Amino acid sequence: MKALKIRFKKKRLYSNLIIGVIWFVFAVIILFTEEENHWMIYVYPIIGFLYLGQYWYDSTFQYLIIDENTIQRNVFYGTNRKIALKDIVWIKKFAGDYILKSDKKDMHIDLRLIDGASLDELNKVLAHLNLPADKTPFPSPV
């Protein structure tokens, strides 16, 4: 099985891009309008760079990567979460999230961030994990 990328919604990606550009515009405005060097001239480009970095990271690596053995959630800040598919013992749907539980760790997946077609793919993968009916929000595969 080829690695499957579960993609972010385009709205999330583009909003990070636009916000990053806006912060850079603020920096340029302050650069040309302030008579003295203000500390904000350094803060605005840093914030813009962080938003543009988030955009680049999210558009490159996307939200989740599922291969034949694992599911991994990619995070720009912090550490990526990875859980083996065979170790998942319970999938709970709660407040717009899937919570994947194993004996050792949990993984929260925010469904509001996922593109529609990718969400269908994610549901197919999770539905075929052959969990007991009381441990999954998916009907049993036929």
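Reader: Which residues touch the most other members of the largest nonpolar core?

Author: In this predicted model, the core has 24 residues, and Ile71, Ile91, Tyr98, Leu100, Ile109 and Leu122 touch the most other members. Two or more residues come from each of β2 (64-66), β6 (97-101), β7 (106-110) and α3 (116-127). Helix α3 gives the most, with four residues.

Reader: What makes Asp58 and Arg12 a salt bridge?

Author: The closest N and O atoms of Asp58 and Arg12 are 3.2 Å apart. The cut-off is 4 Å, so the pair counts as a salt bridge. Asp58 lies in helix α2 (residues 40-61) and Arg12 in helix α1 (residues 10-33), 46 residues apart. The structure holds five salt bridges.

Reader: How do you know whether Lys86 is buried or exposed?

Author: Lys86 has 71% relative accessibility. Exposed means over 50%, so Lys86 is exposed. Lys86 meets Asp87 in a salt bridge at 3.3 Å, N to O. Asp87, at 35%, is partly exposed.

Reader: Why do Glu121 and Lys124 count as a salt bridge?

Author: Their closest N and O atoms are 3.8 Å apart. That is within 4 Å, so the pair counts. Both residues lie in helix α3, three residues apart, about one turn of the helix.

Terms used
Residues are numbered from 1 along each chain as its sequence is written. This is a predicted model: local features need pLDDT of at least 70, side-chain atom pairs count only at pLDDT 80 or more; totals for chains, interfaces and linings use all residues. Side-chain values use heavy atoms; hydrogens and water are left out. A nonpolar core is a set of buried Ala, Val, Leu, Ile, Met, Phe, Trp, Tyr and Cys residues joined through side-chain atoms within 4.5 Å. Buried means under 20% relative accessible area, exposed over 50%, partly exposed in between (1.4 Å probe, protein chains only). A salt bridge is a side-chain nitrogen of Lys or Arg within 4 Å of a carboxyl oxygen of Asp or Glu.
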